[in-house]
Every structure is written in structure tokens, then in C-alpha cells.
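Please look over the model shown here before reading the points of this note. Each point takes up one topic.

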Amino acid sequence: MSGNIKKNAYWVSLGQLLQMALALAVVPVATRYLGDEQFGVYSLASVLMYFVFLFNDLGLNTYFTREVARDTNAAQRWFANALSLKLATLLPALLFLPALWLVPSLNEEARWAIVIFCGYGILSSFFQLSFAAFRAYERMGYETLILVVEKIITSGIGIALLVQGYGLLWFCGVFLIGGVVSLALSLFIIHKKFFPLKLSFEPQFSRGLLRRALPFGLSMFLVNVYDRVDILMLTAMTSASEVGLYAAAYKLLSLTNLVPTILVTALFPALAREAALGSEEAARIFTKGLKYLTFLALPMIAGAMVLADDLVVFMFGAQFQKAAPALQILSWVSGILFLNIFLATLLTAANHQKKLVLVQIGGLITNISLNWILIPKYSFVGAALATLATEGLVLAACLLFAMIRITRLLEFSFIPKALLATAGMIAFCLFAREYNFLLVLAGATVV
């Protein structure tokens, strides 16, 4: 790896690992103090927050990173117009909120939890634009600083409030505080370290910016819909308790997505320069990315399959033990997502985002159809199966397209090595599973 990629990988790894550690501290506390029903409401609110974020983002952040990585001289102009476009879309992004009071299945607490999280989604959209600038300049250390500060606020204060018995709304409000701090800190760094802040709306330039960014936004929207539509459909078709059980399993494995995020965030500027050219360097980056992600994904899947019951009880408490079958299925989803996140980044960097959108539309149709069929019969386990089938189809399509149209794998020898190492880990887990769970987990990691 080049010096910049190594440095960025270090900073992104540090930030994401600290986030993971803090999130792993919060989740067991949240499930135990909120219970399955309120944890289901919290999960629904966080899902709707993502959609508000996407409606306000419109793909501007990703497009900004790719274009400014190629020419940083225009960064201030791009940032000023993107900021103005985000301000202009504030109201449309929040238009659905009054309709919450027309949904009979939502109580007052659930409605206000959603409102609070949607406010956090708007704040996230704005400070993520600053992150796009940090990535374009390959200065990810600033992003790490802000994310760590935010997580310390949300995790530390959130846990304290739950332990003191303040409940769901106070817990949600902490995220709003973290968002305000993150926005203020990110804009301060942009102004002091990169370029003076200003607002600018050049109609012709902004229209072109929005038009070219929308495929990125549509791609992100489709990914988030078919990743999170299961929570929405479970909410409509089952109970809050069922949603809470599924969300607990999904939340645990969603934290593992930080692993491919570390890699793709560090590699995206380099891929944006190399992938469109079809260079040897692009093939090298592609091969290393798939290799490292495979080494990480396979043992994670195997460990979750063997240790699911103990892991659920350890993380969430005995009341969530019914979530173990969903966790086993979702472990496969998480492993596939390691590769899908990387492949989606490759397609975006190589300017094939429209092809990615077509794949994601197919994934969305598949996921909704399967959820509609499977949830009434299998509840949250059916939702997990639908997600697995969807991600598997997306992986096949993206990998095939990448290897035909963009780049190639330079080696395949890492696959049997990864399978052999995983087999050794499974054997250890089966032999030692009667011992203390943490010791088994540590031993499996070493193997």
C-alpha cells in the first residue's frame, strides 16, 4: 500500500474500532434496560433516521469525495454549493413527520423517538459532507477525531441515563446532542484547516452537481431500503417484541460492517484514480481487498453459527435468546456484506454507479417479495432468510460485473487457506464450547 493509504487505513481503523468498542458497550445495556419492545421502537426510529439522512444527502457526499479527490483546487466551490443544496432540501426531507400521528400502531413515545432520530439524521447529513472533504484530501484523522468524540458522548451519557432509569426518549436525545457537537467540530476544522466556509448557490453549477450526484444518492437509498425494509415490514406485520428480537441480532452483526468500511474508506480515493483506468494497481488493490475481507468474513460466519446461543445471551440477556436462529442466518449476511460493500465502492469509483443502481433495484424487488412471503410464516427468521437471499444475489451480480468490466483477481490461493483456517477454528469451538464463553471466543480468535 502507498503511504497515504496506510496512513488513512490506520486512522479509519482506529476510529471504527473505537466506535465498535463503544457500541458494543451500549447495546447490552440498551437491550437489558429497554427490553425487547422499546428496543424495537429504538431500532425503527434509527431506520427511519437513515431515510431522512438519504433524502437530505442526495448522493452529494460520495460524489464530492470522488471528484475532489481528482482535483482539490475546486473543493471550496463544490463544498459551498453542496452545503446550499442540503439546506434547500431540509423541509422536503422532513415532510413525512406529521404523518406519524396518523399511524395508529405508534404510541406517543415512539413518535417522538422517531422525530428525535430524524433530527439526528439531518445533522449527520451535514457533518458527513465535511467527512467527504476529509476523505477527498486523504486526511481521515479528522473524521476519526469527530466520530470518537460523538461516540463518547452518545455512549457515555446514553449508558448513564439508561442506568439511572430515564428511558427511551432521553436515550434518543443523546444522539441529537452528539450530532450537534459533531457538526460544530467538523465545520470548525474545515474552516481552519482546509478552506474558508461560505454558502454559494450557482444555479447552473448546482443543477449539474445535483444531477450527477443523484445516481450515487439513488444507489445509497436502494441499499438502505433493502437493508432496512425488513424492520419496516416486521413493524407492519408483527409485534414490537418480534422487531426487537430481530433488531438485536441485526444490530450485533451490523457492527461488523465497520470492518469493510475501514478498508473502503481508506481505499476509495486511490480506487477513484485507478479503477477507471483499468490499471495493474487497480487489480492489485481489488485482489488485496477481497483477500483480507475473505480472511475476516469466513471465521466470523463460522463462529456465529456455532456460538449463536451463548453469544445472544451474553450480549443481550436471556430474554433475547429466541434471536439466536436469526443471528446464525444474519452471520452469513454480514459476511457477504463484507464483499458487497467493497464491490459497490469499486463500481462507484470506476464510474459504474448506474449499473450498481440496476443491481440494487433487483435486490430491492427480491427483498420485498421474499419478506412478503416469508415474514407471515416465519416472522423475524423469515426476514433474515430474505435478507440472505438478497445479498447473495447482489454479490453474484457485482462480482461478475467487476471481473468482466473493471479489473481482475491476481490470485485465488487465499481461498483454500481461509477455508482451512476456518475449519480449524470450528473444530476448536466444538471442542471447547462447554468452557467459559469469553475464553472460547478468545481461543477461537487466536486459532
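This is a predicted model: local features need pLDDT of at least 70, side-chain atom pairs count only at pLDDT 80 or more; totals for chains, interfaces and linings use all residues.

1. Residues are numbered from 1 along each chain as its sequence is written, and side-chain values use heavy atoms, with hydrogens and water left out.

2. The largest pocket holds about 960 Å³ of space. A pocket is an open set of points on a 1 Å grid over the protein atoms alone, where a 1.4 Å probe fits, with protein on both sides within 12 Å along at least five of seven lines; lining residues have an atom within 4 Å of a point. The volume is the space filled by probe spheres set on the points. Of the 31 lining residues, Thr-256, Pro-299, Met-300, Leu-441 and Thr-445 lie nearest the centre.

3. Which helix supplies the largest share of the lining of the largest pocket? Helix H11 does, with 10 residues. Helices are DSSP runs (H or I, at least four residues), numbered from the N terminus. H1 (3-57), H9 (240-254), H12 (324-349), H14 (414-432) and H15 are among the elements that each supply at least two residues. By class, this lining has 26 nonpolar, 4 polar and 1 charged residues; Ala, Val, Leu, Ile, Met, Phe, Trp, Tyr, Cys and Pro count as nonpolar, Asp, Glu, Lys and Arg as charged, and the others, Gly among them, as polar.

4. The second largest pocket holds about 300 Å³ and is lined by 15 residues, including Leu-290, Thr-294 and Ile-415. H11 again gives the most to the lining, here 5 residues. The lining of the second largest pocket has 13 nonpolar, 2 polar and no charged residues.

5. H11 (residues 280-316) and H15 (residues 437-446) pack at about 125 degrees, with axes 11 Å apart. Axes are lines fitted to C-alpha atoms over the stretch in contact, and angles run from 0 to 180 degrees between N-to-C directions. H11 is therefore oblique to H15, since angles under 35 degrees count as roughly parallel, over 145 as roughly antiparallel, 65 to 115 as roughly perpendicular and the rest as oblique. In this packing, Leu-307, Asp-310, Leu-311 and Phe-314 of H11 meet Phe-437, Leu-438, Val-440 and Leu-441 of H15, where contact means heavy atoms within 4.5 Å.

6. H9 and H13 pack at about 40 degrees, with axes 9 Å apart, and are therefore oblique to each other.
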